[in-house]
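Here's a quick look at a protein model, from its inside to its surface. Have the structure open as you read.

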Amino acid sequence: MASFFCSTKFLLILFFVSAIPIAFIIHLETSSPTTHVYHYHSTGWFRECSKWDAANRRFIVSFFEGGLGVIPVEADYSPGDVLQEIPVVKDADLTGNASLGFTIDRERNRVLVAVADVLGNRYSALAAYDLTSWNRVFLTKLSGPEDEKAFADDVVVDTEGNAYITDAKADKIWKVGANGELKYTIKNPIFTPKEWYNKLVGLNGIVYHPNGYLLVAHTFSGNLFKIEIAKGDEVKLVKIDNGSLKFGDGMELLSPTKLVVAGNPTRLVESSDDWESGTIVGKAKGAIHRLSTAATVKEGTVYLNHMIGLGYPRKKHVLVEAVFSA
């Protein structure tokens, strides 16, 4: 048997098997895109989340290796131009932790970022940065080595400046006040599925609805929850028709009745009853080999953030326009 693994036949089989996915990726990369794509050169391989900052005509991106960057889009931008990522945040005291989901708090001119120890799940925090100076406004520790394992994954802010951060490991939501004070955690048995395999990645994408409640996605179970924060954090399971939200990641409201759930594929969900229920009305693939992880809305158009950058020595990332089909 050992001689087989050293044989020419085995080496040829190994070559062809490994060449298939490489050839597929090359085909996808060299094919003409069917929708608009923003390309940008980056300093890193992995970019977890992107949001359009309309007031400053730029995308903001979070670094899986920790930190934030901006991608200016000038008024004379032409499709096909390759944009440039500019690092703006790199905290030495957070080295070893990833910057993950984030939200723009326009009223307070700041961005709030979920920070986590991805591999060990021994540290989670919420960091706030000024959108002009990029100075850190506060850093709130959510969990540490002395606590249960946790994974701060995504964050949203309400009209009063309170932040809500999902814990993808322990299925809870931290609430942090406008000045960075940790208020309490939202826990509910309904968050945790019964099956062990649906517990691998828990509460993830989160949005604040203008009617005053939260919508939260559970990645592996595909559940969507509505949390009435004005009613004692009452939790309801949103009934989803015409498919599942399984493996959903970051979310973005396209309108009060339309929700984008990023993933592979990304799904467009519509509700006519204030999110007591919802129906999947469309799907978009994005660049499937780059892994869609978040969505943002620029001038009414949905763009999908993709985790993986390609190219050497200059890594190139993409933000792909999502076109939904039934």
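## The cavity

There is 1 cavity of 30 Å³ or more in the structure. A cavity here is a set of points, on a 1 Å grid over the protein atoms alone, where a 1.4 Å probe fits but cannot get out. This is a predicted model, where local features need pLDDT of at least 70 and side-chain atom pairs count only at pLDDT 80 or more, while totals for chains, interfaces and linings use all residues. Residues are numbered from 1 along each chain as its sequence is written, and side-chain values use heavy atoms, with hydrogens and water left out.

The largest cavity comes in at about 60 Å³, a volume being the space filled by probe spheres set on the points. Residues lining it (an atom within 4 Å of a point) include Gly 66, Gly 67, Lys 90, Asp 91 and Tyr 129.

## A buried strand residue

Ile 104 sits in strand 7 (residues 98-105), strands being DSSP runs of E with at least two residues, numbered from the N terminus. Ile 104 is buried, at 18% relative accessible area (buried means under 20%, with a 1.4 Å probe and protein chains only). Asp 53 is 51 residues from Ile 104 in sequence, yet their C-alpha atoms are 7.7 Å apart in space.

Tyr 312 has a relative accessible area of 74%, so it counts as exposed (over 50%).

Methods: On a 1 Å grid over the protein atoms alone, a cavity is a set of points where a 1.4 Å probe fits but cannot get out, and a pocket is an open set with protein on both sides within 12 Å along at least five of seven lines; lining residues have an atom within 4 Å of a point. Helices (H or I, at least four residues) and strands (E, at least two) are DSSP runs, numbered from the N terminus.
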